[in-house]
Amino acid sequence: SFGDILEDLDYAFMLFASARNGPWVIYLDTTAVKTTSEEKVSGAIVDKVKIRSRTDTLALAVGRVLAETPQGDLDAYLGARFWWLENTFTLDTTLGSRERTEKASWADPIVGVSGRYRAADRWMVFGSAEVGGFGVGADLEWSVLAGARYEVSDFWGVSFGWRHLVVDYDKDGVVFDVTQTGPVIGATFRF
């Protein structure tokens, strides 16, 4: 449940930035998520299981405007997302505590579209959709983002939305088949 996720969440951070020059655009998208989950087993040998998971991503992409009007625009982009994963498993047993850490890192090619539309004088809606992996790193990854921004001034605004990111990675004994989904709240700065 969402309540369980909030209970296990240590932190979540996302930074999205773009720079435009004529029809060209560069995107930067980075995330950091750490969760800790602990379950009491109360078995004959194992008393408790604790899992700490940290996932960091960095995506860089270059795009070009496909369509542009005074109300908004639509871009297509190509790039790569880099993943760093670290999971630490701790078992509290009758014989003491045992801990094991597994790490993995990989890069996935990504392709996507991103758009913005002025819905009202100070309101902008935005969204993006991308797919990647293609067996290069992960078998598949995809994400969608949708939200709105209220422009307080010409230079900054308040943004809110929802992001859904799915990855299916299975290599060298490391399986990372995960969905990260949740609200996006932040500030937007333009200069």
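Visitor: What should I know before reading the values?

Guide: Residues are numbered from 1 along each chain as its sequence is written, and side-chain values use heavy atoms, with hydrogens and water left out. Because the model is predicted, local features need pLDDT of at least 70 and side-chain atom pairs count only at pLDDT 80 or more, while totals for chains, interfaces and linings use all residues.

Visitor: Which residues make up the largest nonpolar core?

Guide: In soluble globular proteins, nonpolar side chains tend to be buried together. A nonpolar core is a set of buried Ala, Val, Leu, Ile, Met, Phe, Trp, Tyr and Cys residues joined through side-chain atoms within 4.5 Å, where buried means under 20% relative accessible area, exposed over 50% and partly exposed in between, with a 1.4 Å probe and protein chains only. Here the largest such core has 10 residues, including Trp83, Leu85, Trp106 and Phe176. Strand β8 gives the most to this core, with three residues; strands are DSSP runs of E, at least two residues long, numbered from the N terminus.

Visitor: How many salt bridges are found in the whole structure?

Guide: A salt bridge is a side-chain nitrogen of Lys or Arg within 4 Å of a carboxyl oxygen of Asp or Glu, and the search finds 18. One of them joins Arg163 and Asp29, at 2.7 Å from N to O, and it links strand β8 to strand β2, with the two residues 134 apart.

Visitor: Are Arg163 and Asp29 buried or exposed?

Guide: Arg163 and Asp29 are both buried.

Methods: Helix = DSSP H or I, 4+ residues; strand = E, 2+ residues; numbered from the N terminus.
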